[in-house]
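The following report describes the architecture of a single protein chain and the surroundings of selected residues. The sequence and the structure are shown first.

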Amino acid sequence: MAVAEVRDAARVPVRGLTVLYDAECSLCTFLRDWLVRQPQLVPLDLVPAGSQEARRRFPELDHRATLDEITVVGDAGQVYRGPAAWVVTLWALRGHRALAHRLSTPAGAGLAKGMVLAAAKWRGAQWGGRAYQSGDGWTYDPASGWTYTEPGCDGGACATR
């Protein structure tokens, strides 16, 4: 499936969404658990961001970026990031579709962005300014950003290809 940034929702209905979440973030896993308990109008499939499964399903995505901010992929290749991802996820839930419609207005977009920024700030505080390391070789340091060290290169000895 080719990933498209923009789709005509009238011509390409959304029948399922994959929510990529940071499995190492306690807020993200709390929200994942909350989402699976909600009645869904559109099925949500929750997959750890940057995982082998996410890479297999969506090879075109920048998987490092999916660890930086919430990313949701529609079944027809639609990609939603940041506030739009939060809004489309709420839209999929029976009890929150009306809120999603309010957040999708120009006035609501500011509130949705504020929610995303608050979550990002909380995640940063959760790490306490320390580096965060995922299991696939990627490390995030608040001072320098993301870096990659190929797994298996401990002590400077890396396997050759």
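## Basis and overall composition

Helices (H or I, at least four residues) and strands (E, at least two) are taken as DSSP runs and numbered from the N terminus. On this basis, the elements of the protein follow the order β-α-β-α-α-β-β-α-α-α-β-β-β from the N terminus on, and the protein has six helices and seven strands. The model is predicted: local features need pLDDT of at least 70, side-chain atom pairs count only at pLDDT 80 or more, and totals for chains, interfaces and linings use all residues. Residues are numbered from 1 along each chain as its sequence is written, and side-chain values use heavy atoms, with hydrogens and water left out.

Of the 161 residues in the protein, 37% are buried; buried means under 20% relative accessible area, exposed over 50% and partly exposed in between, with a 1.4 Å probe and protein chains only. A contact requires heavy atoms within 4.5 Å. Among the contacts in the protein with a separation of 6 or more, 59% are between residues 24 or more positions apart.

## The four-stranded sheet

An open sheet is formed by four strands in the order E2-E1-E3-E4, with mixed pairing; two strands pair if DSSP finds at least two bridges between them. Strand E2 (44-48) and strand E4 (79-81) stand at the edges with a single partner strand each, so one side of each has no neighbour in the sheet. Neighbouring strands are turned against each other by 20° on average, direction ignored. Axes for such angles are lines fitted to C-alpha atoms, for helices over the stretch in contact, and angles run from 0 to 180 degrees between N-to-C directions.

E1 and E3 run antiparallel and are joined by four bridges; the bridge partner of Leu20 in E3 is Thr71. Strand E3 (residues 71-74) is also antiparallel to E4, to which three bridges join it, and Val73 stands opposite Val79 in E4. In a regular strand the side chains alternate between the two faces of the sheet. Both faces of E3 are covered, with Thr71 and Val73 buried on one side and Val72 and Gly74 buried on the other.

## The E3-E4 hairpin

Four residues lie between the strands in the hairpin of E3 and E4, where Gly77 takes a positive phi near 95°. Gln78 is also placed in the loop between E3 and E4, and counts as buried at 3% relative accessibility. The side chain of Gln78 reaches the backbone nitrogen of Ala76 at 3.1 Å. This is a polar contact, defined as a pair of N or O atoms within 3.5 Å; within protein, one must be able to donate a hydrogen and the other to accept it, and residues adjacent in sequence count only if both atoms are side-chain atoms.

## Helices against the sheet

Helix H1 (residues 26-37) lies across strand E1 (17-21) and E2, and runs at about 155° to E2. Helix H4 (residues 83-91) packs on the sheet and touches E1, E2, E3 and E4, with its direction at about 115° to that of E4.

Thr89 belongs to helix H4 and is buried, its relative accessible area being 5%. Its side chain reaches the backbone oxygen of Ala85 at 2.8 Å. Beyond its neighbours within four places in sequence, Thr89 is in contact with Val19, Leu35, Leu44 and Val72. Trp86 is likewise placed in helix H4, but counts as partly exposed at 22% relative accessibility. The C-alpha atoms of Trp86 and Ala112 are separated by 7.4 Å, although these residues are 26 residues apart along the chain.

## Thr66 in helix H3

Thr66 is found in helix H3 (residues 63-68) and is buried, with a relative accessible area of 2%. A polar atom of its side chain lies 2.6 Å from the backbone oxygen of His63. Not counting residues up to four places away in sequence, Thr66 touches Leu20, Ala49, Gly50, Leu61 and Thr71. The C-alpha atoms of Thr66 and Arg81, which are 15 residues apart along the chain, are separated by 8.3 Å.

## Aromatic rings

Arg97 lies over the face of Trp91, at 4.0 Å from the ring centre. A charge sits over a ring if NZ of Lys or CZ of Arg is within 6 Å of the ring centre and within 35 degrees of the ring normal.
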